[in-house]
Amino acid sequence: MIGKLLTVSSIFIAILASGFYARFRQIEASHVPSGIQSTSFDEVAPDLYRFGRTWTLVKTVLEVHISTFLIKSGKDYILIDAGVPSANYTDHLIPALKAATKHGNLRWILLTHGHTDHIGSLPALLEAFPKAQLAMHILEAPYVGGGVSYAAVPADNWVYVVSRRLLPPDDLHLPVHRLLFLAGESGDVSEAKGSAGQAPAWVPPAGLLEYVHVPGHAPGQMAFLHRPSSSLLPADVITNLGGTAFFGKPAPAALGYPPPGSSCNWTQHALDWQALAKLDFTTAFPSHDIETGVPKAAVVESAEKLAPLKASA
Ligand SMILES: [Zn+2]
């Protein structure tokens with residue numbers, strides 16, 4: 001109980017510090033209005049579904065909207081990310097996922113990165129879907145259940161250094177035989193290999209889903225391109241949240257970076273955004289998005305506008 005309280009208060013202090021820093025830097029922070037609460041996976045592009053809920057730690061003060069995505073390929077499904085460690089999330093996510101995949105198979109849970117708000121429901125998901133494999137970038141593996149703290153990552157901004165030291169590492173015990181890894185700067189997710197280099201029992205068809213390594217926010221973060229729907233899943237390179245500060249009035253959604261305390265390398269983060277803006281896609285679906293995706297033109301325009309701010313961080 002005390003451990004949980006310490007964790008929640010550490011998260012609170014860390015994100016609050018990020019909020020003040022963000023305001024100082026005139027960067028959009030992540031106050032979002034409550035109320036977007038999915039109970040099912042909704043199709044946002046052909047064969048691409050989204051489930052999103054707002055994670056409330058302190059109402060109207062510390063809230064974040066976080067989505068998971070489901071990709072359909074015939075009767076096979078891939079879940080992208082695993083939500084937050086909250087019953088209010090998990091208790092809706094599991095039934096929604098069971099309903100969405102009831103005529104097929106959830107083959108993979110594929111992680112963009114290992115931050116708490118992207119892996120929080122993972123233990124419950126692995127239990128509810130015992131045949132699903134868990135895939136991630138090899139560079140993210142130490143932080144996803146490997147017991148290594150994100151505080152060990154070399155950072156180029158003090159807010160990250162301070163806030164990450166307040167957060168304990170996630171202590172997940174992941175079954176090694178269910179792990180798959182991707183490596184390198186980019187490729188097709190069908191190139192994933194088992195922990196001993198073996199071929200997986202199932203891989204999606206080549207050309208369905210490509211990955212791009214975008215390490216500014218987390219060492220092994222990946223963005224994904226869903227080719228059939230021309231969609232980009234940029235993970236936390238791009239956020240589309242409302243509001244400009246904590247304790248502030250809710251404001252319309254705006255493209256921006258996540259709070260500085262959450263990204264290890266802001267210079268690289270700017271380069272990641274610029275790299276994603278050059279890819280071939282129609283709509284981007286950030287993990288933190290209170291609208292239904294962002295057109296490519298807005299991603300390109302914001303990349304040009306926001307990148308210089310970050311490069312000098
Ligand atoms: Zn993150």
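The legends below describe close-up views of a predicted model.

**View 1. Strand 3 and strand 4 form a hairpin.**
Strand 3, which covers residues 62–73, and strand 4 run antiparallel and are joined by five bridges. Within this pairing, leucine 70 has leucine 79 of strand 4 as its bridge partner. Two residues lie between the two strands of the hairpin, and in the turn glycine 74 has a positive phi of about 65 degrees.

**View 2. Strand 4, helix 2 and strand 5 make a right-handed β-α-β unit.**
In this unit, helix 2 spans residues 87–100, while strand 5 spans residues 105–110. Strand 4 and strand 5 run parallel and are joined by five bridges, and aspartate 76 has asparagine 105 in strand 5 as its bridge partner. Strand 4 itself comprises residues 76–80, and four of its five residues are buried, so strand 4 is largely enclosed by the rest of the structure.

Threonine 283 has proline 295, in strand 16, as its bridge partner.

**View 3. Helix 6 carries buried residues, among them Trp266 and Trp273.**
Helix 6 consists of twelve residues, 266–277, and reaches 17 Å from its first C-alpha to its last, which is close to the 16 Å expected at 1.5 Å a residue. The buried residues of helix 6 are Trp266, His269, Ala270, Asp272, Trp273, Leu276 and Ala277. Because these residues cover an arc of only 155 degrees around the axis, they are on the same side of helix 6. An α-helix has 3.6 residues a turn, so residues three or four places apart point the same way.

**View 4. Alanine 303 has its place in helix 7.**
Helix 7 covers residues 296–311. Alanine 303 is buried because 20 other C-beta atoms lie within 10 Å, and 20 or more is the count that the term requires. When its neighbours within four places in sequence are left aside, alanine 303 is in contact with Trp273, Gln274 and Ala277; of these, Trp273 and Ala277 are among the buried residues of helix 6. Isoleucine 238 is 65 residues from alanine 303 along the chain, and the C-alpha atoms of the two residues are separated by 9.4 Å.

How values were computed:
Residues numbered from 1 in each chain as written. Predicted model: local features only at pLDDT ≥ 70, side-chain atom pairs only at ≥ 80, totals over all residues. Pairing = 2+ DSSP bridges. Expected span 1.5 Å × (residues − 1). Buried ≥ 20, exposed ≤ 12 C-beta atoms within 10 Å, placed from the backbone. Arc of directions from axis to C-beta. Contact = placed C-beta atoms within 7 Å. Right-handed = clockwise from strand over helix to strand, strands pointing away.
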